[in-house]
Amino acid sequence: MAIGIRTEHLRKVFSTPPPSAAPGRGIVGGPMTGRNVRGKSQRIEIVALDDLTLEVEPGEIFGLLGPNGAGKSTTLGVLTTRIRPTAGRAWIGGDEVWTSRVAVKRRIGVVPQRPNLDFSLTAREILLFHGAYFGIANPERGARARKLLETFQLTDRADQLVVGFSGGMMQRLSIARAMMHEPEVLFLDEPSAGLDPQTRLLLWEIVRSYNARGNTIVVTTHNMEEADDLCRRVAIVDHGRSIALGTPADLKATIPGGYVIRIQLSPRTPELLAAFAAETGVQQALANGPNGVDVYADRGGPLVPELLQLAVRSGARVTDVHVSEPSLENFFLHHTGRSLRD
Amino acid sequence: MRKTFFALFARDVHVARRNFVPLILQTLLQPMLLVFVFGRVLTTSGFMPMQYKSLLLPGIIALSMVLSGIQAVAMPVISEFQFTREIEDRLLAPIEIEWVAVEKIFAGMIQALIAGLVVLPLAWLVMGRGVDLSMPHPFLFALLCLLVALLSSSIGLTLGCSVGQTQIGLMFSLVLAPMIFFGCTYYPWSALAKFPILKYAVLANPMVYASEGLRGALVPQFPHLPSAVAAGGLILFDILFVSLGIRQFQRKAVH
């Protein structure tokens with residue numbers, strides 16, 4: 001029996017630097033307030049989740065989509081018992097996450113954003129010990145490890161320490177490890193970041209077939225294509241809130257026109273925006289950034305010459321034009337005014 | 001839960017066995033050098049009286065146990081909590097987080113006990129003739145060893161969860177060095193009689209109870225703290241550092 005996941009008004013405020021999720025910039029976004037405590041020590045407060053309510057149905061592949069720092073990893077951290085919510089509650093199946101952590105840990109498998117393999121062990125030992133932590137007895141444990149190593153094409157390196165593994169191999173092994181105890185819910189945090197295209201396809205195949213066996217899967221990603229191809233339903237998360245939830249097709253259908261033509265030009269006059277909006281097939285023309293215009297339309301390429309002509313006639317200099325087809329990316333842009341990669 | 005606990009322990013034993021030689025060198029080399037220089041060179045050449053050998057031996061055992069227990073727990077904990085978050089898999093094992101910390105303490109205790117058991121005969125051999133050991137109370141000795149082992153691994157957990165990778169050097173020079181030198185390892189507590197402030201200040205150092213306790217159990221002919229005081233001090237510091245270590249571990253593990 002597949003199980004679902006529910007969160008109710010989840011809120012998380014970090015007062016110490018949060019566990020680093022994404023390497024490099026923007027770990028967790030949201031408003032940051034530095035305030036003085038007793039006039040001396042500076043205290044940071046980072047709102048990572050702000051009233052997040054979600055429901056993942058049993059047996060679906062669910063996507064959490066959003067830019068870096070939107071709160072995706074924090075959501076996963078809360079759902080996997082690793083982050084204590086400041087307020088709100090979450091359930092995996094019937095178990096409330098924070099109050100029955102051990103029961104929850106039994107039901108979930110977690111693939112972190114960055115491989116956190118046990119560097120003192122070989123690939124096979126990592127799987128075997130993981131199985132042992134979950135109380136899987138010996139002949140069964142060995143058989144499962146063998147099978148997973150084979151599935152993830154790691155058999156020839158199975159008895160080497162993982163220190164020397166490539167990023168892709170570590171990632172595959174992390175996924176194998178998460179499946180070792182056959183959890184009912186599998187969480188994957190940015191699973192295909194850093195994977196080559198073939199491995200990514202292999203991974204998606206494995207995830208789909210694991211899902212087909214009646215398991216629930218939650219994937220976080222900032223890759224539209226991935227969410228679009230893999231997920232049955234998607235929640236779009238920004239600044240720690242869910243701003244939209246639905247199937248990729250439903251979400252895309254709500255974008256006016258579907259196509260977005262992004263033009264960079266200057267000077268950008270209100271008259272020019274009005275002229276763009278009056279063009280046939282154009283639903284909306286919105287200013288974006290100092291020199292940008294986002295034109296939402298039901299056509300893509302054929303509209304470009306007409307828009308350019310309007311721009312030239314108004315005396316503006318066009319520096320860039322980008323046409324994007326109906327996608328979740330456009331959806332995100334429409335709702336937040338920012339591109340997913342901004 | 002029992003299965004998970006022993007699987008975690010089996011993992012630590014497996015890793016320790018794989019690193020057996022460097023681990024042994026790391027924990028035994030320093031005490032052995034001390035034993036050789038202080039217990040052999042200085043005594044044979046006549047700079048130190050021969051009895052110094054016997055006085056030194058319990059201190060060296062305490063020192064080896066404390067150092068090996070601290071290192072056995074603190075070093076892996078520091079690196080596993082680093083940005084690789086190697087420990088995460090164990091934190092996600094179906095067991096309460098506190099038990100993962102308890103397992104760390106337990107595994108460290110075993111290593112400290114092994115270090116103590118290896119150092120005792122080895123030091124005795126290196127010092128040569130003239131070591132005057134007696135063990136009038138073997139049970140007291142065993143109890144003290146257990147308490148010292150628990151002390152060392154729980155201090156290891158506390159330090160490991162409070163110190164970052166970049167501060168390891170600092171930990172050795174600021175915490176461990178004073179702990180060893182003011183820990184009555186090379187001299188009995190009574191030798192501090194002429195330093196009234198120091199004499200009482202060192203009582204805040206848990207190492208004192210370890211060295212003095214073992215001194216009382218192995219070479220009772222020398223002055224030492226009463227065994228009850230040593231055992232009591234060890235028990236109090238054990239309670240303190242076990243609870244502190246587990247609390248720090250939870251703080252590190254759950255955000």
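What you have here is a predicted model, where local features need pLDDT of at least 70, side-chain atom pairs count only at pLDDT 80 or more, and totals for chains, interfaces and linings use all residues. Residues are numbered from 1 along each chain as its sequence is written, while chains are lettered from A and ligands numbered from 1 in the order in which they are written. Helices (H or I, at least four residues) and strands (E, at least two) are DSSP runs, numbered from the N terminus.

**The six-stranded sheet of chain A**

- Start with an open sheet of six strands in chain A, ordered β7-β8-β9-β4-β10-β11, with mixed pairing; two strands count as paired if DSSP finds at least two bridges between them.
- Its edge strands are β7 (108-111) and β11 of chain A, each pairing on one side only.
- From one strand to the next, the twist averages 15°; axes here are lines fitted to C-alpha atoms, for helices over the stretch in contact, and angles run from 0 to 180 degrees between N-to-C directions.
- Helix α1(A) packs on this sheet and touches β4 (61-65), β8, β9 and β10 of chain A, where contact means C-beta atoms, placed from the backbone, within 7 Å.
- The direction of α1(A) makes about 150° with that of β8(A).
- The parallel part includes β8 (residues 185-189) and β9 (residues 216-221) of chain A, paired over five bridges; V185(A) has T216(A) in β9(A) as its bridge partner.
- On the antiparallel side, β10 (residues 233-238) and β11 (residues 241-246) of chain A share five bridges, and V237(A) is partnered with S242(A) in β11(A).
- β10(A) and β11(A) make a hairpin with two residues between them, and H239(A) in the turn has a positive phi of about 50°.

**Helix α1 of chain A**

- Is α1(A) buried or exposed? Helix α1 (residues 72-79) of chain A is mostly covered, with eight of its eight residues buried.
- For burial, the count is of other C-beta atoms (placed from the backbone) within 10 Å of a residue's own: 20 or more is buried, 12 or fewer is exposed, and in between is partly exposed.
- The buried residues of α1(A) include K72(A), S73(A), T74(A) and T75(A), along with L76(A), G77(A), V78(A) and L79(A).
- Just past the end of α1(A), T81(A) has a positive phi of about 70°.

**The four-stranded sheet of chain A**

- Another open sheet has four strands in the order β13-β14-β12-β15 (chain A), with antiparallel pairing.
- At its edges sit β13 (282-288) and β15 (317-324) of chain A, each pairing on one side only.
- The twist here averages 20° from one strand to the next.
- β13(A) and β14 (residues 292-297) of chain A pair over six bridges in the antiparallel sense, with V282(A) opposite A297(A) in β14(A).
- Helix α9 (residues 270-278) of chain A packs on the sheet, touching β13 and β14 of chain A, and its direction makes about 155° with that of β13(A).

**Where chains A and B meet**

- How many residues does each chain give to the contact? The contact takes 25 residues from chain A and 22 residues from chain B.
- On the chain B side, the elements that give two or more residues are α1 (2-18) and α4 (88-91) of chain B.
- The largest share of that side, seven residues, comes from α1(B).

**A kinked helix in chain B**

- Helix α7 (residues 168-181) of chain B has 14 residues and reaches 19 Å from its first C-alpha to its last, close to the 20 Å expected at 1.5 Å a residue; the expected span is 1.5 Å times one less than the number of residues.
- A kink of about 25° lies at V175(B) in α7(B), shortly before the proline P178(B); the bend is the angle between axes fitted to the seven residues ending at a residue and the seven starting there.

- A176(A) sits in helix α5 (residues 167-179) of chain A and counts as buried because 24 other C-beta atoms lie within 10 Å.
- Not counting residues up to four places away in sequence, A176(A) touches L127(A), L148(A), L149(A) and F152(A).
- A2(A) lies in the segment before β1 (5-14) of chain A and counts as partly exposed, with 16 C-beta neighbours inside 10 Å.
- Leaving aside neighbours within four places in sequence, the contacts of A2(A) include E184(A), N215(A) and T216(A).

Methods. Two residues are in contact if their C-beta atoms, placed from the backbone, lie within 7 Å.
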